[in-house]
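Trainee: I have a structure open and I'd like to learn how to read it. Could you walk me through it?

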Amino acid sequence: MTAALLQYLISGVTIGAIYALVGLGFSIIYNASKVINFAQGEFVMIGGMAAVFLVADGLPMVAALPLAVLLAVLVGIGLERVAIAPARGASVVTLIIITIGASILLRGTAQLVWDRNFHTLPGIGGGMPIEVLGATILPQAVLVICATMAIVAALFWFFKATRTGQAMLATSYDPTAALLVGIDTRRVLTLAFALAGGLGAIAGILITPIGMTYAGVGVMLGLKGFSAAMVGGLGSPMGAIAGGLVVGIAEALTAGYLSSAYKDAVAFVIILLVLVTRPSGLFGRRDGISL
Amino acid sequence: MSAGQSAGLGLLAVILAALPFVLDNPYHFEIAILVCLNATVCVGLNLLIGYAGQISLGHAGFFALGGYASAILTLSYDWPPLGALAAGALGVAVLAHVVARPILQLKGHYLAMGTLGLGVIISIALNREVELTGGPDGTIVPPFSVLGWMPFESLEWYAITAGLMFVTVWLSLNLIGSPIGRALRALHGSEVAAETLGVNTASHKNLLFVASAVLAAVCGSLYAHFSGFITPTEGAFHHSIELVTMVVLGGMASVFGAVVGAALLTIAPQVLTVFHDYESIVFGAVLMGMMIVLPRGLVPGLVRLVQSVGFGR
């Protein structure tokens, strides 16, 4: 009984960590630009797919994984330069459609450059589960959780202790004031997309040994990461992490105790409940913007 | 109705009446029928998004619910198609009314997420309730009939859908010119200001949400009967996005823009099939390019262009 519960909690925290990384990307971009980037899931796909194909081309893991992250970072920067910067001042829906156009474009490109099949990467520890109090945990899941904690710690240090991080925070509070004190807000915007691209790619690489990857993997992961960011409150990094864990654990418990068929609906039921009771998310600022 | 709107309505009538003489095979008719159905949904959705300023990323869910109501009631319960269509529309109206008040309190991205969540939940339910809906494979839908008359020819289906679209456009133009239309524009500008002037913003937003959902459901029913088949893809997130894209591409707060956007985005994929593997790349790139160059959409963008040429310095 408790072993089963522990098992569900372990898988919930693992997938929740991935949602948290994707949600963090949403929050960082939202803070810098007030744009919801519907192509965030595609960064996850690019990370996983690029890693798979670079390894298949004979590159060692240590070279392939950083290259895959770099590719997503470059795509993020490219997206900002080509599509977001020229459309500044457009309405919320227009920006949503631009990023959706980008996601369609990236998915199509991935199908063409790579393929339409499912792929996986070898996990660490050879995929042999470790037994903990009657439940089992994959070494890869341990890696997912530890890597996420390390990334979150690094991000908090970055925002707290570096001038660039402080500049990004300042821009998220008030872009005009940030500009007045000499912060290059355009560079902040580019940096936000680069960071979100990198975070997404790392999430994609981490989850591939557990959950497989394919050209369309980003659609659901992106939407759930978006729910995670929303549950926690848009623009709050801490909220994105909490939201990711809430969504991941609720999903695992639903799959375990209620119905695995409706597992994918959990994230959206939670988001509706949270939005209806607390319209700015659990940790959100009350600054709803209209169209 | 302004002179420009009357002229536009007249032009639309002429085009709709002339089209059957131009379309020369069932395939072209099929596309024209799909354009009319999508345009009807989009005119309704545009009232919500463009005029009231409330985004919805979940309207495909209502479309699919209408379609499935028709499919299930006519197939399993032997209802007459018109009764099933009405029941579907009524069911969607009740659902939309119940969810409208809590969801429409949200604004901007939060509203987008709320409606998106609603649409995704509907789509997942359609996929999972296999005994009722046939699951991911979809279900067949018996042919449509009204009091014994069964539209079978493409031309008859075209007449139904084009007629429905024309009436929807005409009613929408009237609505926009009415006090309700003025109230909507006021609340789009500023909800607080509208409230202080005595506009009941919540009930106006609810009205449009329900009306646009019912239009989507009716079109979903007709679509299901016309194609003889319906699958959960009709209710998927991707379809909701297509509908919103049609509205925004054509031009928000432009009734004719919604029609133009629906026509373009329904025809484009048929044309883009010549690009084979590059199809979605081209589609994505065109979508991004258009929205960057004409962020207000095609019709308002072009109208502005014509005005600046015609009445320029």
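Mentor: Let's begin with domains. This is a predicted model, and its chain A is divided into domain 1 (24-216) and domain 2 (219-291).

Trainee: How many Å apart are the C-alpha centres of domain 1 and domain 2 of chain A?

Mentor: They lie 19 Å apart. The contact of these domains takes 17 residues from domain 1 of chain A and 14 residues from domain 2 of chain A.

Trainee: Which elements give two or more residues to the side of domain 1 that touches domain 2 in chain A?

Mentor: Look for α1 (2-33), α2 (40-56), α4 and α5 (139-161) of chain A. The largest share comes from α1(A), with 5 residues. Then sort that side of domain 1 by class: 9 residues are nonpolar, 7 are polar and 1 is charged.

Trainee: Okay, what about chain A as a whole? How many helices and strands does chain A have?

Mentor: Chain A has 11 helices and 2 strands.

Trainee: Now the two chains together. How many residues does the contact take from chain A and from chain B?

Mentor: Chain A puts in 39 residues and chain B puts in 34 residues. On the side of chain A that touches chain B, α4 (92-113), α9 (218-232) and α11 (266-277) each supply at least two residues. α4(A) gives the most, with 15 residues. By class, this side of chain A has 31 nonpolar, 6 polar and 2 charged residues.

Trainee: Let's zoom in on α4(A), then. At what angle do α4(A) and α13 of chain B pack?

Mentor: The angle between α4(A) and helix α13 (residues 279-293) of chain B is about 160°, and their axes are 7 Å apart. An angle over 145 degrees counts as roughly antiparallel, so α4(A) is roughly antiparallel to α13(B). As for handedness, α4(A) passes α13(B) in a left-handed crossing.

Trainee: Which residues make the contact of α4(A) with α13(B)?

Mentor: On α4(A), they include A:Ile97, A:Ile98, A:Gly101 and A:Leu105. On α13(B), B:Phe283, B:Gly284, B:Leu287 and B:Met291 are among them. The residues of this contact divide into 13 nonpolar, 6 polar and 1 charged.

Trainee: Can we try a pair inside chain B? At what angle do α3(B) and α4(B) pack?

Mentor: Helix α3 (residues 59-77) of chain B and helix α4 (residues 81-103) of chain B pack at about 140°, with axes 8 Å apart. That angle therefore makes α3(B) and α4(B) oblique to each other.

Trainee: Is the crossing of α3(B) and α4(B) left-handed or right-handed?

Mentor: α3(B) passes α4(B) in a right-handed crossing. Among the residues that make the contact are B:Phe62, B:Leu65 and B:Leu73 of α3(B), and B:Leu85, B:Gly88 and B:Val92 of α4(B). This contact of α3(B) with α4(B) has 11 nonpolar, 5 polar and no charged residues.

Definitions and conventions
Residues numbered from 1 in each chain as written. Chains lettered and ligands numbered in written order. Predicted model: local features only at pLDDT ≥ 70, side-chain atom pairs only at ≥ 80, totals over all residues. Contact = placed C-beta atoms within 7 Å. Helix = DSSP H or I, 4+ residues; strand = E, 2+ residues; numbered from the N terminus. Nonpolar A, V, L, I, M, F, W, Y, C, P; charged D, E, K, R; others polar. Axes fitted to C-alpha atoms, helices over the stretch in contact; angles between N-to-C directions. Parallel < 35°, antiparallel > 145°, perpendicular 65-115°, else oblique. Left-handed = near helix turned anticlockwise from the far one by under 90°. Domains from an automatic or database assignment.
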